[in-house]
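Dear colleague,

Please find below the structure that I am handing over to you.

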Amino acid sequence: MPASPLHLDTPLFRTSTAYSASNRPLWLKLDAVQPSGSFKLRGVGRLCQHEVENGAREIFCASGGNAGIAAAYAGRALGIPVTIVVPQTTSEDVRQSIAATGATVLVHGSVFDEANAHAIRLAGERKAAYVHPFDHPLLWEGHGTLIDEVVAKGADFDCVIASVGGGGLLAGIVAGLKRNGLSHVPVIAVETEGAASFHASIVAGERITLPAITSIATSLGARQVAQHVFDLPKEHPIETVTVTDAEAVSACLKFADAYRILVEPACGAALAVADVHPDLLARFKNPLIEVCGGIGVSLEKLKAWKERLL
């Protein structure tokens, strides 16, 4: 790893047993307080540093939001221009947040896949570096630092609960567990209904492309997970589970009340598991939840989602 990573070593909290229906004390890894607002800075920052170390003078990245603001933050820290291509589904406030962090924002396509193809094309034309938001070994290496930090703090945990979009975080967690001698520790991979491409792929036994993303958890909006991520359950114990949008929003509100921190429904999905699927945690004593964060949230949005869904 580089001598000075761009991400922070984030706090690790422990809940009381009364916090959730699981009746377990939960470790909470608070990546919502990263400078970019989410865990994405770990991997995206690592990959951007690598590109600059190898001569890149400009970076292009496609994103629905969180990887984009992480790349924008990294570019500002590294002193190079960054262009983020977002699909039309990315909200105006998220576009403004990315721009305010210092990146040029381009809108292209109705879905991430179209925005991503455009970013790759532009990077090629300009001989610039292209940074993928979830599918690159250096990204996974960077994301795995969250496990390094938990282990360094001496926390005893026997499973990891994390949300899955394209699968970069899941791949990073597995890599982090492996390099810390914890390949036996299972990961519970969580998605919201309407964005569950990983769950659908595991059930079908082949990589599924969802026809559309219908969940409000747009940060989980990868219609297909990376091939490496689909293959991970062959080498590591991984269980997939889904929650509803309403359950994810309820978990966001509960977490905000308890810890005064706002997180996206994409993050709320992981937080919801201890209440929605307590039976799944019955065999564990010390679950670790990756509180991945996300910039696409506000009090107003949470209230509006609550009124619509709950």
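This is a predicted model: local features need pLDDT of at least 70, side-chain atom pairs count only at pLDDT 80 or more; totals for chains, interfaces and linings use all residues.

Residues are numbered from 1 along each chain as its sequence is written, and side-chain values use heavy atoms, with hydrogens and water left out.

Some terms come first. Helices (H or I, at least four residues) and strands (E, at least two) are DSSP runs numbered from the N terminus. Two strands pair if DSSP finds at least two bridges between them. Strands of a sheet pair through backbone hydrogen bonds, either parallel or antiparallel.

Val-160 has Val-187 as its bridge partner in strand 8. Strand 7 also pairs with strand 10 in the parallel sense, over 3 bridges, and Cys-159 stands opposite Pro-287 in strand 10.

Why is strand 8 (residues 187–192) described as largely enclosed by the rest of the structure? The reason is that 6 of its 6 residues are buried, where buried means under 20% relative accessible area, exposed over 50%, and partly exposed in between (1.4 Å probe, protein chains only). Val-187, Ala-189 and Glu-191 point one way from strand 8, whereas Ile-188, Val-190 and Thr-192 point the other way.

Asn-286 is found in the loop between helix 11 (265–276) and strand 10 (287–291). Its relative accessibility is 13%, so Asn-286 counts as buried. Leaving aside residues up to four places away in sequence, Asn-286 touches Arg-14, Pro-25, Trp-27, Asp-156, Phe-157, Asp-158 and Cys-159; contact means heavy atoms within 4.5 Å.

The other sheet to note is open too, with 4 strands in the order 5-4-3-6 and parallel pairing. Its edge strands, strand 5 (104–107) and strand 6 (129–131), each pair on one side only. Strand 3 (residues 59–62) pairs with strand 4 (residues 82–86) in the parallel sense over 4 bridges, and Phe-60 stands opposite Thr-83 in strand 4. Helix 3 (residues 92–100) packs on the sheet and touches strand 4 and strand 5, making about 150 degrees with the direction of strand 5. Helix 1 (residues 40–53) lies across strand 3 and strand 6, at about 165 degrees to strand 6.

Finally, helix 10 (residues 245–259) and helix 12 (residues 299–309) pack at about 140 degrees, with axes 10 Å apart. The two helices are therefore oblique to each other (under 35 degrees counts as roughly parallel, over 145 as roughly antiparallel, 65 to 115 as roughly perpendicular, and the rest as oblique). Helix 10 contributes Asp-245, Ala-246, Val-249, Cys-252 and Leu-253 to the contact, and helix 12 contributes Leu-302, Trp-305, Lys-306 and Leu-309.

Yours sincerely

How values were computed: Axes are lines fitted to C-alpha atoms, for helices over the stretch in contact, and angles run from 0 to 180 degrees between N-to-C directions.
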